[in-house]
Structures are given as structure tokens and as C-alpha cells.
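Okay, thanks for coming, everyone.

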Amino acid sequence: MADSGLLELRLEVPFRSNSEACIAFNTLSVDKEPRRGEVTRRLSVEESSLHVYLSAKEARKLRVATTSFMDHLALAADTLAQFGPPVVPVEQDQQLLSRQQA
């Protein structure tokens with residue numbers, strides 16, 4: 001539990017490449033947490049890892065948000081595994097990522 005009374009979850013999800021991490025980031029960034037849910041979610045990519053931060057004041061809300069996020073992450077990872085490595089140049093992925101983080 002953080003000093004602010006928030007419960008927090010931090011994950012580092014490794015991917016095979018930076019391109020795959022960027023694809024997962026772009027896929028999972030589309031859905032924002034509803035404001036009424038009082039859950040904060042932040043995603044970032046560092047090298048070939050997706051970094052995830054979730055926080056909430058109530059354990060139940062953090063659990064629900066975590067379960068939902070993990071379901072979406074599993075779907076994204078399964079899709080990447082099914083279709084193989086991306087054919088998009090890394091530079092294009094980086095441009096998409098920088099637009100998402102702005």
C-alpha cells in the first residue's frame with residue numbers, strides 16, 4: 001500500500017521484441033479506466049517490456065481492474081503468438097508509441 005492509502009500493482013511484462021511490446025501497448029492503451037471506477041492505470045514501454053501500473057483505494061476495485069487487464073493482455077499475447085513477429089519497422093512502432101504517450 002502506498003503512502004497515499006492507495007493499493008498498487010506494478011507489472012513488467014517481457015515480450016520478444018520492442019515491436020511486440022509496442023503493439024501490446026497500443027492495443028491495451030485504447031480502453032481507459034472508467035472514472036467512476038476510481039482505478040488509475042498507466043502503461044509504458046521500455047526496450048522489450050511493457051510496464052503496467054494499476055492503483056485503487058479499494059482492494060475489490062483493484063482486483064476487478066487487474067483481472068480485466070490480465071484478460072486483455074492474455075488475448076494480445078495470444079494474438080501476437082498466433083500471427084508471429086510483426087512486419088512493421090521498429091521506427092514506425094516508435095512513432096505510434098510516442099503519439100500514444102503524448
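**Helix α2 and its surroundings**

So, helix α2, residues 59–83: 25 residues, and from its first C-alpha to its last it reaches 36 Å, close to the 36 Å expected at 1.5 Å a residue. That expected span is 1.5 Å times one less than the number of residues. Helices here are DSSP runs of H or I with at least four residues, strands are runs of E with at least two, and both are numbered from the N terminus.

Quick caveats: this is a predicted model, where local features need pLDDT of at least 70, side-chain atom pairs count only at pLDDT 80 or more, and totals for chains, interfaces and linings use all residues. Residues are numbered from 1 along each chain as its sequence is written, and side-chain values use heavy atoms, with hydrogens and water left out.

Overall, the chain has 3 helices and 3 strands, running β-α-β-β-α-α from the N terminus. Of its 102 residues, 33% are buried, meaning under 20% relative accessible area, with exposed being over 50% and partly exposed in between (1.4 Å probe, protein chains only).

Back to α2. Which residues are buried there? Lys61, Leu62, Ala65, Thr66, Phe69, Leu73, Ala76 and Leu80. They pack against β1 (7–14), α1 (18–28), β2 (39–46) and β3 (49–56).

Take Thr66: its relative accessible area is 19%. Leaving aside neighbours within four places in sequence, Thr66 is in contact (heavy atoms within 4.5 Å) with Leu9 and Leu54.

Now the helix pair. α1 and α2 pack at about 135°, with axes 10 Å apart. That makes α1 oblique to α2; under 35 degrees would be roughly parallel, over 145 roughly antiparallel, 65 to 115 roughly perpendicular, and the rest is oblique. The axes are lines fitted to C-alpha atoms over the stretch in contact, and angles run from 0 to 180 degrees between N-to-C directions.

Who meets whom? From α1 we have Glu20, Ile23, Thr27 and Leu28, and they meet Phe69, His72, Leu73, Ala76 and Leu80 in α2. The residues of that contact divide into 6 nonpolar, 2 polar and 1 charged. Nonpolar is Ala, Val, Leu, Ile, Met, Phe, Trp, Tyr, Cys and Pro, charged is Asp, Glu, Lys and Arg, and the others, Gly among them, are polar.

Last bit, backbone. Glu47, in the loop between β2 and β3, has one of about 55° although it isn't a glycine. Glu47 is exposed, at 69% relative accessible area.
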